[in-house]
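Subject: A structure for you to look at

Hi there,

I am passing a structure on to you, and below it you will find my notes on what turned up. Please open it alongside this email and follow along as you read.

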Amino acid sequence: MPTYQYACNACEHEFEAFQSFSDASLTQCPECKGEIRKVYSAVGVVFKGSGFYKTDSVNKKSVSEPAKATPPAPAAPAAKAD
Ligand SMILES: [Zn+2]
């Protein structure tokens, strides 16, 4: 059962609602009957700021130019002995 986090636009009341996919989304705050919004938490998606980019640039600098792969020699047609 998915859990949805809601926050009220009017009174900032926050609450979680357990809803099945068939249930309609909640639109009213249980506290003040005001308009609510869904809150999406970014659990599982963590960006570690500038460190990510720092590491990225270091990797680019330390990586030497990759050797050019020699194209495979064209298959020589088998010379007929006769
Ligand atoms: Zn409210």
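Before we start, one term: two strands pair if DSSP finds at least two bridges between them. With that in mind, look at β1 and β2, which are joined by five bridges and run antiparallel. One of the pairs to find there is Tyr4 and its bridge partner in β2, Ala17. The hairpin made by β1 and β2 has five residues between the strands, and Glu12 takes a positive phi near 65° in this hairpin.

Please keep in mind that this is a predicted model. The protein chain has a mean pLDDT of 75, with 66% of its residues at 70 or more.

Now for the overall layout. The protein chain holds one helix and three strands, and along the sequence they follow the pattern β-β-β-α.

In what order do the three strands lie in the open sheet? The order is β2-β1-β3, and the pairing is antiparallel. This puts β2 (14–18) and β3 at the edges, where each pairs on one side only. From one strand to the next, the twist averages 35°. As a reminder from class, strands of a sheet pair through backbone hydrogen bonds, either parallel or antiparallel.

Strand β1 (residues 3–8) pairs with β3 in the antiparallel sense, over four bridges.

- Gln5, whose bridge partner in β3 is Val39
- Ala7, which stands opposite Arg37 in β3

Finally, two numbers for the protein chain as a whole. How many of its 82 residues count as buried, as a percentage? The figure is 2%. As for contacts between residues at least 6 apart in sequence, 37% of them join residues at least 24 apart.

Best wishes

Methods:
Residues are numbered from 1 along each chain as its sequence is written. This is a predicted model: local features need pLDDT of at least 70, side-chain atom pairs count only at pLDDT 80 or more; totals for chains, interfaces and linings use all residues. pLDDT is the predictor's confidence in each residue, from 0 to 100. Helices (H or I, at least four residues) and strands (E, at least two) are DSSP runs, numbered from the N terminus. Axes are lines fitted to C-alpha atoms, for helices over the stretch in contact, and angles run from 0 to 180 degrees between N-to-C directions. A residue is buried if 20 or more other C-beta atoms lie within 10 Å of its own, exposed if 12 or fewer, and partly exposed in between; C-beta atoms are placed from the backbone. Two residues are in contact if their C-beta atoms, placed from the backbone, lie within 7 Å.
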